[in-house]
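Subject: Structure handover

Hello,

Here is the structure you will be looking after from now on.

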Amino acid sequence: EPGLKLVQDNPCLAELLAAVLALPEPGAGLLSFALRLAGVLAASESAFQHLQQEQLLARLFGEAGPRAGAAWADASVRGAWLDGARSMALHEPALRLLRAHGALDVLFTLQGDPSLFVASAARRLLVHTLSFSLECEMPKAPGTRVCDWPPCAQVIVKHIEDSLQSSSVSHVKQSLKLLAGLFGSCHAPWTEVLWSGVAKQVQSFLTEESVQAPHLLADLLLNVSRSPVFCDPESSFWPLVTSALEHLTPVQAGPLAVGILRLHKCPQDVRIQAVTVLLQPMDCILRAASQPLEYSGLLDESVTDPATVESLLSSKSSCASLLCQTLGHLEELLSLSHLPVDLPGTSLLRSVMTILRFCNGLLIPTSPLGSKISQTLIGCFRVQRSALDVLAVLSEQKGCDVPVESLFDILLSYLESPNTNPMVLKKSFQATSKWLVCLPEMSCFNSQWQIKKILQDVFLVLQKRLCSPCWEVRDSSLEFLTVLINGLRDQDEFRQTLLSSEVPRLTEDLLGDPESYVRASAVTAAGHLTLVTYVAPESPVTGNQYNKENTVAKLQEILSTDPEGFPRRAVINIFIKWLRKGYTSVLQDTEQFVSEVIQTAERDLDWEVRLGGLELVEVFFVQTLCRRGRPKCPYAPFSPEFTSSVRHNESLQIFCRTKLFGFLFRSLCDCDRPVGQKACDILLAIRSSFYPSNSLKDSQDPEEVGHGIAWLQRTLRQGSVAQTFPAGSSHEVDFQDPESMLLALGTIDLEELHDDLNKSSDHMEKSPQSLLQDILAAVGAVEDNEADCY
């Protein structure tokens, strides 16, 4: 076995472990290293037996080892002991060794360790020990009684049952966490036997006047419900879930309810009850907003006493937390592609709108509960953000009777208010954009003048926000504008309203904003604005036309001169978008434009900009050949007949004129590997377009085709070490000569370069030689390099 061969061929490993054990007080770092190393070496049974000949493992993991020394007080040593034991416990002899030296008692104790990492590792090892002992000692199905199980498993199960019945709250919590981890990772049939032994005790916890560890109980039940062992709707487990949803408070039951609703197999009555738990706070909000009710609530009946929810919402300490949790769960459910139960979309929307009115003081309720809720929620940023998230998701729900005018009144109030928090404003923009994009499709709201009125109001607010002294607000405003253009640029009302406003001019002004994030967002927005004028070049709007040519020049200037990387990346992304979408009329001379951009990108210090330049080259290459009849896929080779006819055609001359090949070949030696990888992929695609797949078999040796190509081949083999291409009489390569480039493509071994560029650095960094060099480099400076050495 490889493990045995390793320890036999390297006796120094066992000597190292023995030397550590011989030290009177080994340091915590050295001891941790030895424990983890021993566990890894003993993972195979044969290597385990070899190390046990000198009792090394018994001395390391037994009672007289580190557990009895002063170093045990260090959490890193306890954690290393657990890691080593877990690595080793993959075969029965290791399990017997640990059990014989009292390891189970150590694990039971370490569950309550002050270090959360140690406690978690102890629980994981207990779970592994229980499941592994059943697998290796009872290969057939374990008996239906715990008393028939192996001794190790019996000890663990008895400890769990005793702890659950203990008067110590900490012991109860430890066992609940252990059970949650066990049912979360083990789905064997024997888990049903284990559950039958603890179910009554769990039920008793739920019926107590004050529920102990409610969140742990919810986690446990949720993990059990996810196990295929308990998926049968007739299982006795589900009544326990129903009991939990009834007895836990809405805050405690919320995570359990949303987890239940995500299950594919669950009894319908439990699913409906889980929905009710989540909707109760929203129902209470709706009923508290007005007296008498203007419209019905969300629920006909409640799972728990409505007074409990009312009490939580009327308390300042719990109101916001309950609503944020509920709204977060509802957003999660509404975002699912398929939900097993229907949510009342219209009533839910009204409830969310009511919360938003409470938060900005637009709603003055008449009920006592509504007044308390209003006082608590007014100006509450947390609830505002959560409610706006749900409002945005609700725009995608079909069949809602949407009160559109009231909805936009609320959104505009948030967009206009000077007191709106920047993050809340960002969420308001997101929700507004979602609803504006779907507005023309709503059957209940198809009046063109109403849509135009809403758009005018939105752009008036946007103009003010683009002038905000707060850079986060300016940035969010530009992002909002970009989203609107993407979703609505085909709508005549939108284009006319946008181009007749001050928004285009203000966006252009923000290209020179002092904040780089804002400049980047302005670049993106300006690029999309240019596309609006491309779609409607002869807009009826006059007096405030957007200057496309001026925008292109400004973006090129930003790419050349902006000191920050974000705006330059945004520019290159916009240029790629223009070219990919075919908006070449924006660019006048496409060849000259591409040539200027890639020459600028090649000099950029930001590797993402250089990578963007390569993506621009790829798009240009594909489009150039597509116009001449090639397939759309850039990697599909031409037929030999077509290839022979295009070797010296205009396409190759265009690539040379735009200085495309110089950029590509130099990028192969880029110090950032993604750039070299992309350049090599593009060159391979270009070669496949000019050479049939079988024409490279008899390609000439580089030395026979000229000094320039031979030098280029040698330079490329050096990779990023050769970051310059020195010119000279014998080395000069003319990257603008079609014949030379065709020869280079057919001669240079691009496949070998591709393999080298895609080879992970792990083959050097993770080799034994590299690890040994790291250890040797750490000699003499152990304290500084201890972590690296380990």
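This is a predicted model: local features need pLDDT of at least 70, side-chain atom pairs count only at pLDDT 80 or more; totals for chains, interfaces and linings use all residues.

Residues are numbered from 1 along each chain as its sequence is written, and side-chain values use heavy atoms, with hydrogens and water left out.

**The whole chain**

The protein chain has 42 helices and 0 strands. Helices (H or I, at least four residues) and strands (E, at least two) are DSSP runs, numbered from the N terminus. Of the chain's 790 residues, 53% count as buried. Buried means under 20% relative accessible area, exposed means over 50%, and partly exposed is in between, using a 1.4 Å probe and protein chains only. A contact means heavy atoms within 4.5 Å. Among contacts between residues at least 6 apart in sequence, 70% join residues at least 24 apart.

**Two helices**

The expected span of a helix is 1.5 Å times one less than its number of residues. Helix H25 covers residues 471–488, and its 18 residues should span 26 Å; the end C-alpha atoms are 26 Å apart, which agrees. Buried residues in H25 include Val473, Arg474, Asp475, Leu478, Phe480 and Leu488.

Helix H30 (residues 565–581) has 17 residues and reaches 24 Å from its first C-alpha to its last, close to the expected 24 Å. Among its buried residues are Gly565, Pro567, Arg568, Phe575 and Trp578. Glycine 582 follows H30 and has a positive phi, near 80°.

**Cavities**

Rolling a probe the size of a water molecule over the atoms shows where empty space is left. On a 1 Å grid over the protein atoms alone, a cavity is a set of points where a 1.4 Å probe fits but cannot get out, and lining residues have an atom within 4 Å of a point. Grid points are joined across faces, edges and corners, and a volume is the space filled by probe spheres set on the points.

How many cavities of 30 Å³ or more does a search of the whole structure find? The search finds 3. The largest cavity has a volume of about 80 Å³. Residues lining the largest cavity include Trp81, Leu95, Arg99, Leu107, Thr129 and Cys152. Helices H6 (75–88), H7 (92–100), H8 (103–110) and H9 (116–137) are the elements that give two or more residues to this lining. The lining divides into 9 nonpolar residues, 1 polar and 1 charged. Here Ala, Val, Leu, Ile, Met, Phe, Trp, Tyr, Cys and Pro count as nonpolar, Asp, Glu, Lys and Arg as charged, and the others, Gly among them, as polar.

**Single residues**

Arginine 123 is in helix H9. With a relative accessible area of 17%, arginine 123 is buried. Leaving aside neighbours within four places in sequence, arginine 123 is in contact with Gln111, Gln174, Lys177 and Leu178. Its C-alpha atom is separated by 9.1 Å from that of leucine 179, 56 residues apart along the chain.

Threonine 191 is found in helix H12 (residues 190–207). Is threonine 191 buried or exposed? It counts as buried because its relative accessibility is 0%. The side chain of threonine 191 reaches the backbone oxygen of alanine 188 at 2.6 Å. Not counting residues up to four places away in sequence, threonine 191 touches Leu182, Phe183, Cys186, Val229 and Phe230.

Glutamine 280 lies in helix H16 (residues 268–288) and is buried, with a relative accessible area of 4%. Lysine 427, in helix H23 (residues 422–438), counts as buried at 19% relative accessibility. Not counting residues up to four places away in sequence, lysine 427 touches Arg385, Leu388 and Asp389.

Two loop residues other than glycine have a positive phi. Phi of alanine 213 is near 45°, and alanine 213 sits in the loop between H12 and helix H13 (214–226). Alanine 213 is buried, at 12% relative accessible area. Phi of lysine 659 is near 60°, and lysine 659 lies in the loop between helix H34 (650–657) and helix H35 (660–667). Lysine 659 counts as partly exposed because its relative accessibility is 33%.

Regards

Terms used:
A polar contact is a pair of N or O atoms within 3.5 Å; within protein, one must be able to donate a hydrogen and the other to accept it, and residues adjacent in sequence count only if both atoms are side-chain atoms. On a 1 Å grid over the protein atoms alone, a cavity is a set of points where a 1.4 Å probe fits but cannot get out, and a pocket is an open set with protein on both sides within 12 Å along at least five of seven lines; lining residues have an atom within 4 Å of a point.
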